[in-house]
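Thanks for coming. I will go through one model this morning, starting with a pair of helices and ending with a few backbone details.

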Amino acid sequence: MRRFAFTAAVLACLFAAASCELATAQAPAPDPSLVQLLDHVRRAERLREFNRPLLAKSQLDKAAAIDASARPVLVGYLRLYTRATSGDLPLQDGRQYAEALLKTFPDDYEACFEVASFLFLTAERPATPDPRDVKPALERLEAEMKVFLELADAIITPSAELPESAKGRPRLSLAYLARAAKASPGTEEVAFIAAQELDFRGRSYQTYAASDPAFDVFGRRALELYQRAETLYRRAMKSNARELSVRIALVNLLYRQRKFNEAMREGAAVLRVAPDNLRVVNTLLDVAIAKGDIDLMIENLAARQRLFNDADTAIELSVATRVRDKKWPFQRWRDYRLAASQRGDARLQACGELLKVEPDFLEVHCLAAEELMNRGAAAKDVAGQTAGYEGALKALERTGDLREKLADARRLEAECYWQLGRYKEAAASFAKTAEMDPTDENARFLSRASVAVSSGQCKAADAIDLLEIRLQTRDSGERLKLLKELIQKAPKYAEAILTLAKVLDLQGAYKAALDCYVAVLEIEPENIEGLLGRSLVSMKVGDYAAAAKAFDALLKLRPDLAIAAEALEQAKWVLAGGPNRAKAFDRWLQSRQPAIRPADKERLLEEAIALEPEFFEALLDLGNLLGRRQNPGLDDLSRAEKFLNDAFKFARDDDMRAEARSGLGYVSVRQKAYERAAEHYEASFQLQRGDGTALIFAALARRANGDEAGATVNMRKLVNDLPTSPLVRPKLEDVTRLGLKPVSDAGPRKVSPEYAIGDKAAFKFALEMDGQGGGDDAPPVRVAYGVNLEFVATPTHGGVWKIAMTFADPPASPGYAALADLKLELEISPWFGIIKDPLPPGSELAEVVGPAMQAVAEAFCIGVGDGAIAPPYVWRNDRTAGPPHFGEGAIEGNYIAQMFGDSMEVVRVAAAGRAAGADPDTSDHSRRLETRVEFAGRRQEVRKVSLVIDKRELAKSKDDVLASRLSVTLEAK
């Protein structure tokens with residue numbers, strides 16, 4: 001079915017009435033130069049929002065050439081400098097436009113608001129008062145407070161007369177926000193900036209109050225600013241666009257006012273929507289400390305640990321848990337934090353005092369150990385160093401089972417052993433650290449380095465040099481030079497030689513790499529990476545006997561190493577043949593070089609097969625190469641099928657047979673032999689389940705053949721057998737990027753309607769569409785009519801919904817007259833969407849009823865077909881063909897947003913957009929789809945479907961952004 005788009009003819013009919021009204025009004029024709037100026041300004045605005053500030057500036061320059069003093073031009077320039085996200089336009093360069101606006105349009109809302117935004121962003125931090133000169137500081141405070149409170153009150157409750165502090169040209173954002181509030185009272189954007197300004201001033205005052213007792217009054221006056229900031233934040237929160245950012249700021253403001261319960265409520269509201277917001281988590285931790293609430297403390301420390309996974313949070317979480325479990329007073333937590341904030345003797349003294357009170361406070365020993373280790377590192381003499389490290393180890397011995405729970409405790413122990421030259425013990429401790437914290441690659445390396453140092457392969461300094469080379473050196477030539485220098489100093493250091501071997505291997509210097517791998521194994525005969533590297537490089541240089549021997553030795557040490565098992569079979573196969581087989585294998589290796597041209601690849605594979613007709617890998621690669629050509633001829637497909645059949649015949653195991661079957665399935669699809677394609681894919685899945693890709697292709701082939709029931713069988717098998725497949729579950733980064741936040745529940749749920757044959761449903765349908773850009777702005781389109789559905793068949797009968805669809809209450813506009821008499825039979829697969837367009841080709845009503853059909857299809861395809869979805873309730877269905885989506889390559893995901901009894905709301909989000917760092921000369925695009933489907937009751941009848949598609953694209957001329965929005969609603973009567 002065609003994607004939704006109104007035809008020019010339908011649009012012309014819909015726009016006719018508006019055009020006539022304009023003509024009969026006989027309004028005076030606008031000034032052409034003004035029209036052109038405003039067009040450039042609007043283009044600049046769209047380009048700025050699309051993050052193309054330099055292109056936006058070029059449009060403003062064209063507008064300025066017409067009238068540089070026009071308000072829209074000056075506002076456009078200033079907005080560009082204050083809101084552009086690129087560093088191409090320095091913020092301070094906007095000052096000239098702020099000054100021009102104040103001179104010419106001192107009371108205009110837009111001018112004042114943009115000037116206020118500029119001053120807010122460029123304001124210098126007030127000078128910190130000097131405690132030695134209290135009186136002038138307090139006089140300055142009172143003068144400032146008079147102005148701040150006067151302006152804040154004028155913004156909150158504007159009056160006919162501006163306060164004196166808002167008159168003239170003061171360099172204070174609040175003054176211009178007061179003017180903007182007078183021009184347009186109650187505006188959320190004004191309230192938000194004003195609240196931020198007052199919040200910032202209040203925090204500055206609190207900082208001064210904490211700096212010296214003489215400045216206590218600053219803290220009290222800060223609360224007055226906070227009260228007004230809170231009022232303004234709550235007003236700004238009415239704006240849906242900034243509700244979340246306002247709530248985040250409000251949580252912190254409420255904490256600073258000591259309104260802890262309100263801060264907790266607002267924080268919980270934020271975390272329901274954005275559970276990864278670290279700022280709110282940290283504020284709630286501050287609330288927990290202020291309230292002495294250990295449970296709140298643990299909850300938010302656990303959240304921070306999930307986000308950060310850092311050592312400090314891990315030990316603080318351990319401390320808080322111990323305080324709760326031991327039923328100690330909350331003061332113990334504060335005592336620990338105070339001790340942790342100390343350094344040197346003060347920390348050790350605080351640790352000792354805390355342990356006298358609570359001898360079981362094991363985390364305190366970690367604090368002492370850290371300080372003692374730092375003391376050892378800072379000591380100038382060997383005796384002092386030894387005393388520090390040994391003292392740290394003794395402290396760590398007192399941590400009991402903490403070293404088995406906290407990776408950082410093990411890490412401290414390992415570092416102490418390393419510094420004391422106790423390398424065998426360091427190796428064990430670093431290995432344990434890496435086991436407890438799999439992200440710690442340095443611990444893994446230092447464990448191996450400790451073994452190397454203890455065995456005399458190298459000195460500790462050599463190991464550190466190698467670590468720095470691996471971490472810091474990116475240039476391959478420089479890395480090669482440094483590695484060779486290091487090996488000259490430490491010729492028996494196996495890890496350095498192994499690193500050199502890998503660099504040489506990547507550069508194609510196979511013989512030199514082989515010599516390095518051999519050298520590694522002379523030092524460490526059971527080095528896994530050395531054995532694997534020598535084996536693979538031996539294959540590359542044609543020494544298959546040595547490769548087989550090395551693979552065999554490797555598999556005795558690591559029988560689970562699949563790459564070695566597969567390569568050993570290859571080596572044995574080559575050895576079992578004659579010289580031709582060895583030549584064939586060499587040709588195949590050459591064909592797999594990354595930079596090889598397709599024609600050369602085909603030639604090498606043909607040569608390999610001519611030398612060895614039973615060469616599975618070459619047969620498979622050549623069959624796939626021919627079958628996947630962009631425009632294959634019949635001869636290409638026929639040859640591909642032959643090679644892939646031979647590959648299946650000569651495959652050595654089920655995995656190989658599965659690959660050949662998949663290749664045959666693809667070729668059969670291109671031959672339009674869909675039944676045969678489905679059989680190949682289904683057989684491939686039986687041989688190798690993998691992630692279920694073969695089942696998806698089998699289902700697509702069956703539906704292409706008209707076998708919806710067979711397609712459904714395959715899709716149900718995918719969902720039931722492989723519920724965690726990435727074909728069903730989106731990636732974690734996609735879930736985060738799309739903002740999918742499902743509700744939590746215990747069991748699997750079906751997310752699809754359950755109407756029965758004969759059921760009827762009536763809906764109100766509404767559509768809105770508008771667009772702008774490219775000099776072709778058109779009035780918005782609004783259409784509404786009734787939609788009636790009667791269910792003729794369900795997916796239990798042939799795998800599809802059959803729905804009789806009729807229409808009522810058509811619009812009076814031309815093009816809709818035949819709608820009331822239209823009767824359609826809509827067929828929808830829950831897995832793949834609309835099966836076929838029920839309208840005859842070229843029907844004038846296609847674009848009239850298309851959006852309604854799409855909305856119905858969206859409701860009946862929102863789940864994973866008709867399969868049950870296991871928690872967490874986040875899933876993919878980007879294979880559907882019926883509802884609008886952006887196809888493969890664009891991220892897409894679905895989730896249950898809300899459940900209330902038997903009813904629920906399901907959301908589908910799809911996004912396609914510019915890649916980060918994309919070439920600015922390319923034609924960029926940005927699109928987003930969001931669908932919400934509300935189901936009601938036990939049978940999950942459709943209550944409402946809302947669908948919005950936004951699209952923005954840089955015009956080919958690069959002088960504008962083409963933007964459009966399509967909004968569809970289908971609501972039960």
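**Helix pairs, buried side chains, backbone**

Helix α8 passes helix α9 in a left-handed crossing. A crossing is called left-handed if the near helix is turned anticlockwise from the far one by less than a right angle, and right-handed if clockwise. Helices here are DSSP runs of H or I with at least four residues, strands are runs of E with at least two, and both are numbered from the N terminus.

Some housekeeping before I go on. This is a predicted model, in which local features need pLDDT of at least 70 and side-chain atom pairs count only at pLDDT 80 or more, while totals for chains, interfaces and linings use all residues. Residues are numbered from 1 along each chain as its sequence is written, and side-chain values use heavy atoms, with hydrogens and water left out.

Back to the pair. Two packed helices are described by the angle between their axes and the distance between the axes. For α8 (residues 173-183) and α9 (residues 188-211), the axes come within 10 Å and cross at roughly 155 degrees. That angle makes α8 roughly antiparallel to α9. On the scale used, angles under 35 degrees count as roughly parallel, over 145 as roughly antiparallel, 65 to 115 as roughly perpendicular and the rest as oblique. The axes themselves are lines fitted to C-alpha atoms, for helices over the stretch in contact, and angles run from 0 to 180 degrees between N-to-C directions.

Which residues of α8 and α9 make the contact? From α8 they are S173, L174, L177, A180 and A181, and from α9 they are V190, I193, A194, E197 and L198. Contact means heavy atoms within 4.5 Å. Sorted by class, this contact of α8 with α9 has 8 nonpolar, 1 polar and 1 charged residues. The nonpolar class is Ala, Val, Leu, Ile, Met, Phe, Trp, Tyr, Cys and Pro; the charged class is Asp, Glu, Lys and Arg; the others, Gly among them, are polar.

The second pair is α22 (residues 441-454) with α23 (residues 460-472), whose axes are 9 Å apart at an angle of about 150 degrees. That makes α22 roughly antiparallel to α23. Here α22 passes α23 in a right-handed crossing. On the α22 side the contact is made by N442, F445, L446, R448, A449 and V453, and on the α23 side by A460, A463, I464, L466, L467, R470 and L471. The class count for α22 with α23 is 10 nonpolar, 1 polar and 2 charged residues.

In the loop between α22 and α23 sits G456. Is G456 buried or exposed? G456 is exposed, as its relative accessible area is 55%. The cut-offs are under 20% relative accessible area for buried, over 50% for exposed, and partly exposed in between, with a 1.4 Å probe and protein chains only. G456 is 72 Å from Q940, C-alpha to C-alpha, and 484 residues from Q940 in sequence.

Now two buried residues. E413 is placed in helix α20 (residues 407-419). E413 counts as buried because its relative accessibility is 3%. Its side chain makes a polar contact with the side chain of R410 at 2.9 Å. A polar contact is a pair of N or O atoms within 3.5 Å; within protein, one must be able to donate a hydrogen and the other to accept it, and residues adjacent in sequence count only if both atoms are side-chain atoms. Leaving out residues up to four places away in sequence, E413 touches L393, L396, R403 and S429.

The other one, L839, is in the loop between β6 (833-834) and α39 (846-860). L839 is buried at a relative accessible area of 9%. Beyond its neighbours within four places in sequence, L839 is in contact with L822, L824, L845, A846, V849 and M853.

Last, the backbone. The peptide bond from P871 to P872 is cis, with omega near -5 degrees, and P872 is in the loop between β7 (868-869) and β8 (874-875). N309, not a glycine, has a positive phi of about 50 degrees and lies in the loop between α14 (294-308) and α15 (311-325). K672, also not a glycine, has phi near 65 degrees; K672 is in the loop between α34 (654-670) and α35 (674-687).

For the whole chain, the count is 39 helices and 13 strands, and of its 973 residues 48% count as buried.
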